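Look at the structure first, then read on.

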Amino acid sequence: MMPPPPPLQPLLDFAVEIAHEAGALTLAHFNVPVVTEFKADQSPVTEADRRAEQHLRRRITTTYPDHGVLGEEFGETRGSGPARWILDPIDGTVSFICGVPLYAVLVGLEWAGEMVAGVIHLPPLKQTVYAARGLGCWCDGRRARVSQVSDLGQARLLVGGVRNLYQHGRGPAYERLRDACKLDRGWCDAYAYALVATGRAEIALDPIMSIWDSAAPLVCVTEAGGSFTDWSGRPTHTAPEALATNGRLLPAVLSAVQGP
């Protein structure tokens, strides 16, 4: 039987600390000319992505040498125990390259396959949303909670790229949900999940996700009282898609997405 995780507050404090450090590194490259390369999947990467992840990895392996690390830019280093850190040094690299201040540093901690802590740090906004299992969700020292909206007609919907929705065959599902909501906006990536976790939006929808995109937001949204699932309603951080809600709206959202 796998042992339970250790007290999570020190681990969460550490995660917030290193996310801030990595965020400071990214700011040195933000809104200045930056060389952009494209990976095999055609997603962009910059020196800022690499430097930030290298810093996160150094801090983790020095402080917790038995922990594993999985990051977007440098893959996986296996640990000797059940703990694994899941990193996205810049979630929203396109925003970063374009000078849009809505990118994030994501730090998540998984224990025996279950997410137990997560940090969404938004360096240009100087805002951090963070959570650990059983400890609630917080935003810059204040308790964060999802909204209490229970009518889909009053909901605010955030989407991760309308073109992507259609390219992945999700256009009709998006249209049904969009038409049922009060308003929709294209504030995507981790920023959308931060807004749901803090009650400033009710729904975030994305047809393309990787584990490092979902790991930290899952903890933040669920500890704030919401839901973080795939498009069938299954709670997970490993699906290639994501759907976050304030919890109250999950049945109505699933009904709209899945259609008649």
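Lys39 and Glu73 form a salt bridge, with 3.3 Å between their closest N and O atoms. A salt bridge here is a side-chain nitrogen of Lys or Arg within 4 Å of a carboxyl oxygen of Asp or Glu. The pair ties together distant parts of the chain, 34 residues apart. Lys39 sits in the loop between strand S1 (36-38) and strand S2 (44-46). Glu73 sits in the loop between strand S3 (68-71) and strand S4 (75-77). The count by this rule is 13 salt bridges. Side chains of opposite charge can pair when their charged atoms come close.

The model is predicted: local features need pLDDT of at least 70, side-chain atom pairs count only at pLDDT 80 or more, and totals for chains, interfaces and linings use all residues. Residues are numbered from 1 along each chain as its sequence is written, and side-chain values use heavy atoms, with hydrogens and water left out.

**The eight-stranded sheet**

Eight strands make an open sheet with mixed pairing, in the order S4-S3-S5-S6-S7-S8-S9-S10. S4 and strand S10 (142-144) are its edge strands, each pairing on one side only. On average, neighbouring strands are turned by 20 degrees against each other, direction ignored. Helices (H or I, at least four residues) and strands (E, at least two) are DSSP runs, numbered from the N terminus. Two strands pair if DSSP finds at least two bridges between them.

Strand S8 (residues 127-132) and strand S9 (residues 136-139) run antiparallel and are joined by four bridges. Val129 stands opposite Cys139 in S9. Helix H7 packs on this sheet and touches S3, S5, S6, S7, S8, S9 and S10. The direction of H7 makes about 95 degrees with that of S7. Helix H1 lies across strand S5 (83-91), strand S6 (104-111), strand S7 (114-122) and S8. H1 runs at about 35 degrees to S7. Contact means heavy atoms within 4.5 Å.

**The five-stranded sheet**

A second open sheet has five strands in the order S12-S11-S13-S15-S14, again with mixed pairing. Its edge strands, strand S12 (183-185) and strand S14 (227-229), each pair on one side only. The twist from one strand to the next averages 15 degrees.

Strand S13 (residues 203-206) pairs with strand S15 (residues 242-245) in the antiparallel sense over four bridges. Leu205 has Leu243 in S15 as its bridge partner. Helix H7 (residues 211-223) packs on this sheet as well, touching S14 and S15. Its direction makes about 150 degrees with that of S14. Helix H8 (residues 250-258) lies across S13, S14 and S15, at about 145 degrees to S15.

**Helix pairs**

Two packed helices are described by the angle between their axes and the distance between the axes. Axes are lines fitted to C-alpha atoms, for helices over the stretch in contact, and angles run from 0 to 180 degrees between N-to-C directions.

| Helix pair | Axis distance | Angle |
|---|---|---|
| H1 (residues 8-27) and H2 (residues 47-63) | within 9 Å | roughly 150 degrees |
| H5 (residues 171-180) and H8 | 7 Å | about 135 degrees |
| H6 (residues 189-197) and H7 | within 8 Å | roughly 15 degrees |

Angles under 35 degrees count as roughly parallel, over 145 as roughly antiparallel, 65 to 115 as roughly perpendicular and the rest as oblique. H1 and H2 are therefore roughly antiparallel. H5 and H8 are therefore oblique. H6 and H7 are therefore roughly parallel.

A crossing is left-handed if the near helix is turned anticlockwise from the far one by less than a right angle, and right-handed if clockwise. H1 passes H2 in a right-handed crossing. Among the H1 residues in that contact are Phe14, Ile18 and Leu25; the H2 side includes His55, Leu56 and Ile60. The contact has nine nonpolar, three polar and four charged residues. Ala, Val, Leu, Ile, Met, Phe, Trp, Tyr, Cys and Pro count as nonpolar, Asp, Glu, Lys and Arg as charged, and the others, Gly among them, as polar.

H5 and H8 also cross in the right-handed sense. Ala173, Arg176 and Leu177 in H5 meet Val253, Ala256, Val257 and Gln258 in H8. These divide into five nonpolar, one polar and one charged.

The crossing of H6 and H7 is left-handed. Tyr193, Val196 and Ala197 of H6 meet Pro217, Cys220 and Val221 of H7. This contact has six nonpolar residues, no polar and no charged ones.
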